Amino acid sequence: MDLQELLDNARRNEALLRRLQAFELQLLSCQTWFDFLTLLLDGLPAQFDLDAATLKVCDPDGELKAAMLQSLDLEQGVLLNQLEFQSRVPIIDAAPIAPPPPWQSGLALPLLRNDVYLGQLRLYSTNPARFQGGMATDFMQHLAAVIAACLMMVKQSEEQARLALTDPLTGAENRRGFERAYQREWARGQRQYHVFAMILLDLDHFKRVNDVHGHGTGDRALKALCRTLKSVMRPTDHIGRLGGEEFAVLLPGCQPDQLHAVVNRVQQAIRRMTVYNDLQQPVPMTASGSFVSLTPRPHQNLELAQVIDHLDSYLYQAKRNGRDCFVSAEQ
Ligand SMILES: Nc1nc2c(ncn2[C@@H]2O[C@H](COP(=O)(O)OP(=O)(O)OP(=O)(O)O)[C@@H](O)[C@H]2O)c(=O)[nH]1
C-alpha cells in the first residue's frame, strides 16, 4: 500500500468514526421504543450506506415484545416486522454471515451489556464486498456495545413511563394512560379515516361483593376482570381502569359490524371468570356495559370525557335493564 492509499484509508476511517460518534449521540437521546427502533432500523442503514438492519432479540417470556407493542401505536407497530423475538438467540462473535436474499453480504454483531447477552444486530448490504471474512469490525463492535446499552436504557425509561400510566392493582392503564391512548387513536383516525370502538363496563353489584366477601375478594375480582379482558382482546387494544370498578376498552381498527361479536365475547368471558372468596368459594360475576363505534373526522374533536359521558348514560340503561347486559350507544 503506498502512502496515498494509507492517507485515504486514514481519512475514510476518521470520517466513519465521526459519523459513528454522531450516530451514538442520537442513540443516547432516545427514550422511547419508537425513536430507538426507527433510528436503528431506518437511520442506521441510511447513515452508513447499508441496505437493511435487523435485530434478533432474546425475549424468553415475551415481555419485551409486549412492552414494545404497548408503547407503539398500530402504525408504528410495523417496525416490529424487522425484529425477531426468540426465547434463545445463539451467542455469536462479530463476524460476516451468509445473508438471506436479496442481500449479498451481511454482518452479525453480538449485543452484550454487563455480560448479559441481549441478542444480535444484523447488517445487510447488496454489495457482496461490503462484509467479508477477515475484515476489521472493531468500529462496528463498539457501535453494537452502545446499542446494547441504549436498548437497556430505553427499556428502563419506557418501563418508568408505563408505570406512571398504569393502575397498580390491575395493571390496566390508569385514566391518564387511557386518555393518552384515546388521543393518539383519535389523531390517527383523523389522519387515516380509521374507525375505532370503545366499550365501557362495570362489574355488577360490586359493592355487595366487597360487603359480603371483603375487599380482598373485591380486589381479586378487579384483577381477574382485567386478566379476562386481556385474554379476549388483541394485544394492541387498550384496557383502562377509569375509577373504582369502571373499565373502558379501546379497540383500534374494530369495524362497527365486528363490535357486537367482540362485546359478546367479552360478556361470555366475564360470566366464565372464576373469582374465589377468602374461603375458596367461587363468587359468580357479571358486568354491564355500553359500546360505540367512533369515526374521527378531520377538524372535529371529541374528548374522551364526552365519549365516556355518552357511554355512561347507556351503561346506566344496561343496569336498569337488569344488569349482565351490554347496550349499544349508537345514535
Ligand atoms: N375491592 C375494591 N373495591 C373497590 C375499589 N374501587 C372501588 N371499589 C368499590 O366498588 C363499589 C362500587 O359500588 P357501586 O358504585 O354502588 O356499584 P355496584 O355495587 O357495582 O352496583 P351496580 O354497578 O349498580 O351493579 C364500592 O363499594 C367501592 O368501594 C377497589 O380498588 N377495590
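Which residue in strand 5 is the bridge partner of Ser105?

1. The bridge partner of Ser105 in strand 5 is Ser125. The model is a predicted one, and this note should be read with that in mind. Strand 4 and strand 5 run antiparallel and are joined by nine bridges. The two strands make a hairpin with two residues between them, and Asn114 in the turn has a positive phi of about 50°.

2. Asp115 lies in the loop between strand 4 and strand 5 (116-125). Asp115 is not a glycine, yet its phi is positive, at about 65°. Most residues other than glycine have a negative phi. Asp115 counts as exposed because it has 5 C-beta neighbours inside 10 Å.

3. Strand 5 also pairs with strand 1, again in the antiparallel sense, over six bridges. In this pairing, Val57 has Gly119 of strand 5 as its bridge partner. Eight of the 10 residues of strand 5 are buried, so the strand is largely enclosed by the rest of the structure.

4. Leaving aside neighbours within four places in sequence, the contacts of Pro110 are Ile91, Ile92, Asp93, Ala94, Tyr117, Gln120 and Ala144. Between Pro110 and Val89 there are 10.0 Å from C-alpha to C-alpha, with a separation of 21 residues in sequence.

5. Two further backbone features deserve a check. The peptide bond from Pro101 to Pro102 is cis, with omega near 10°, and Pro102 is found in the loop between strand 3 (95-97) and strand 4. Asp49, which is not a glycine, has a positive phi of about 55°. Asp49 belongs to the loop between helix 2 (33-47) and strand 1 (52-58), and it is exposed because 10 other C-beta atoms lie within 10 Å.

6. Five strands form an open sheet with mixed pairing, in the order 7-8-6-9-10. Its edges are strand 7 (238-243) and strand 10 (326-328), each of which pairs on one side only. Direction ignored, neighbouring strands of this sheet are turned by 20° against each other on average. Helix 9 (residues 304-320) packs on the sheet and touches strand 6, strand 7, strand 8, strand 9 (287-294) and strand 10. The direction of helix 9 makes about 140° with that of strand 9.

7. Strand 7 and strand 8 (residues 246-252) pair in the antiparallel sense over five bridges. Within that pairing, Phe247 of strand 8 is the bridge partner of Arg241. Their hairpin has two residues between the strands, and Gly244 takes a positive phi near 50° there. Why is strand 7 described as largely enclosed by the rest of the structure? The reason is that five of its six residues are buried.

8. The largest nonpolar core has 44 residues, and the members that touch the most others are Met198, Ile199, Phe247, Ala248 and Val249. Strand 6 (residues 196-203) gives the largest share of this core, seven residues. A second, separate core has 28 residues, including Leu40, Leu64, Ala148 and Cys150. As for Ile199, its contacts beyond four places in sequence are Ala248, Val249, Val263, Val266, Gly289 and Phe291.

9. Which residues come nearest to the ligand? Of the 17 residues around the ligand, they are Asp204, Phe206, Lys207, Gly218 and Gly244. Gly244 is also the residue with the positive phi in the hairpin of strand 7 and strand 8. At least two residues of the shell come from each of strand 6, helix 6 (206-213) and helix 7 (215-232). By class, the shell divides into eight charged, five polar and four nonpolar residues.

Key: Residues numbered from 1 in each chain as written. Predicted model: local features only at pLDDT ≥ 70, side-chain atom pairs only at ≥ 80, totals over all residues. Core = buried A, V, L, I, M, F, W, Y, C linked by C-beta atoms within 7 Å. Buried ≥ 20, exposed ≤ 12 C-beta atoms within 10 Å, placed from the backbone. Helix = DSSP H or I, 4+ residues; strand = E, 2+ residues; numbered from the N terminus. Contact = placed C-beta atoms within 7 Å. Pairing = 2+ DSSP bridges. Axes fitted to C-alpha atoms, helices over the stretch in contact; angles between N-to-C directions. Near = placed C-beta within 6 Å. Nonpolar A, V, L, I, M, F, W, Y, C, P; charged D, E, K, R; others polar.
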